[in-house]
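Morning, everyone. Please look at the structure on the screen while I talk.

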Amino acid sequence: MYPKQRNNGFHPLLKKRGDAATLAALFVVAFSGVILFNVACASVEQLRSHIFGVALLTLSLELGEVVRRLCLVIEEIQHKQTRYEGSWMRVLYSSFDFRNGGTIVVLGTVSFLVVSVVLYLDCDTFCRAEYAVFFFVNCFVAPQLLFLFGFRDLSRVEVSQIIEKENKNVAAGLAWSYYFGYLKLVLPHLEGLIGKSDYKYKIAKKKLFILLPKNCYAYSRISDADPRIRYAGNLPSLDINRGGILQRSYKHPVHRIEMPRPDGEIDNYYVVLEYATPLMSLYDMSENPECGMSREERDEQVLLFICKLREILDSCKDCRGKYKLVPISGAGWEIADALVGIHHIHGW
């Protein structure tokens, strides 16, 4: 199937990023290390010189980053009361929060010891102005220039990776809210509610079908999006004490899909069907300039929402197997086709 026709015109769904970039970086380091080692082994003097150079470079780069972080502290001091509750420790911790702090400390300590030992053993050779200039530039000049000219700015890929790993996407927040505030409460009771309803013999698939339009727009009535789908009624209400509201009522709508056959007869399918309501928030955000979300960003967020929601629900034993995500393009009469297509592929 052509990629753009997958998932009812929704296009292919996202997959979680792997470790290919990390493995590529490790390969480059290993390959370069082998070459440099072969070149450096020409003589003991050259080997010592290269070891000293690598250690000095590593130490200067680490100290240069520390100096750059100190520049960040100068700004954060201005916000000590409002952002850090007046705590100097929180200011310093936020500015010097390295992800691999232990590794950085070990690497810096080893580099310092190597530089110190080499200078002690052969001070006349390595105490030279060229090394001092090199160290000074790497500590105080190069990091600041890279910062000022924007070379340290993260790429869109890196920003996306960080946000995904730390669950800081708008989509991730909406998916967790949808789960904790609704799906986790109702899905464990869905089969029991169907069994108590007037549709217990008509609903063949005891699942909640969740519509996920790519444009995030949810019609007030699903029949407005596809006239072949008719509202049939509700399952018995589920009453839960929630958020200070006693006996809060949750109702699932049952819809009847009317699919004409070539002979003029109509096949009826009954499903528990509703939109993923959090997507309307994404739609409204993309339509409101004050939110600062473009339609391209909305398209990315809805993909992330689907992936995160599936991940959350599949990891919950009370929800696993009790739902079906139905991504659709959001254009044209396609909902009935998508649902009946699921029936023909997976069985109703």
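First, the ground rules. This is a predicted model, so local features need pLDDT of at least 70 and side-chain atom pairs count only at pLDDT 80 or more, while totals for chains, interfaces and linings use all residues. Residues are numbered from 1 along each chain as its sequence is written, and side-chain values use heavy atoms, with hydrogens and water left out.

Let's start inside. A nonpolar core here is a set of buried Ala, Val, Leu, Ile, Met, Phe, Trp, Tyr and Cys residues joined through side-chain atoms within 4.5 Å. Buried means under 20% relative accessible area, exposed means over 50%, and partly exposed is in between, using a 1.4 Å probe and protein chains only. The largest core has 41 residues, and Leu183 and Phe305 touch the most other members. Which elements give two or more residues to this core? They are α10 (170-186), α11 (190-196), β1 (208-213), β3 (238-242), β6 (266-275), α13 (278-287), α14 and β7 (323-328). Helix α10 gives the most, with nine residues. Those labels are DSSP runs numbered from the N terminus: helices are H or I with at least four residues, strands are E with at least two.

Now look at Leu183. Leaving aside neighbours within four places in sequence, leucine 183 is in contact (heavy atoms within 4.5 Å) with Tyr178, Pro188, Leu208, Ile210, Leu309, Leu313 and Cys319.

Next, salt bridges. The rule is a side-chain nitrogen of Lys or Arg within 4 Å of a carboxyl oxygen of Asp or Glu. By this rule the count is 13. Take helix α14, residues 295-314. Glutamate 311 pairs with lysine 308, with the closest N and O atoms 3.4 Å apart. Both lie in α14, three residues apart, about one turn of the helix. Glutamate 311 counts as partly exposed because its relative accessibility is 36%. Lysine 308 is at 12%, so it counts as buried. Elsewhere, shared partners join Glu65, Arg68 and Arg69 into one network.

Two more pairs. Glutamate 287 meets arginine 295 at 3.1 Å, N to O. Glutamate 287 is partly exposed at 36%, and arginine 295 is partly exposed at 49%. Aspartate 299 meets arginine 298 at 3.7 Å, N to O. Aspartate 299 is partly exposed at 25%. Arginine 298 is buried, with a relative accessible area of 8%.

Now a charge without a partner. Glutamate 76 is in helix α3, residues 44-76. Glutamate 76 is buried yet has no salt bridge. How far away is the nearest side chain of opposite charge? That is arginine 83, 5.0 Å away. For charges, Lys and Arg count as positive and Asp and Glu as negative; His and the chain ends are not counted. Beyond four places in sequence, glutamate 76 contacts Arg83, Tyr84, Val91 and Ser95.

Last, the surface. A nonpolar patch there includes Val133, Phe136, Val137, Phe140 and Phe151. Together the patch residues have about 1100 Å² of accessible area, by the Shrake-Rupley method with a 1.4 Å probe, and for residues only the protein chains shown count as cover. Patches use residues with over 30% relative accessible area and no salt bridge; like charges are joined within 9 Å, nonpolar side chains (Val, Leu, Ile, Met, Phe, Trp, Tyr) within 5 Å. Valine 137 is in helix α8, residues 129-148, and counts as partly exposed because its relative accessibility is 35%.
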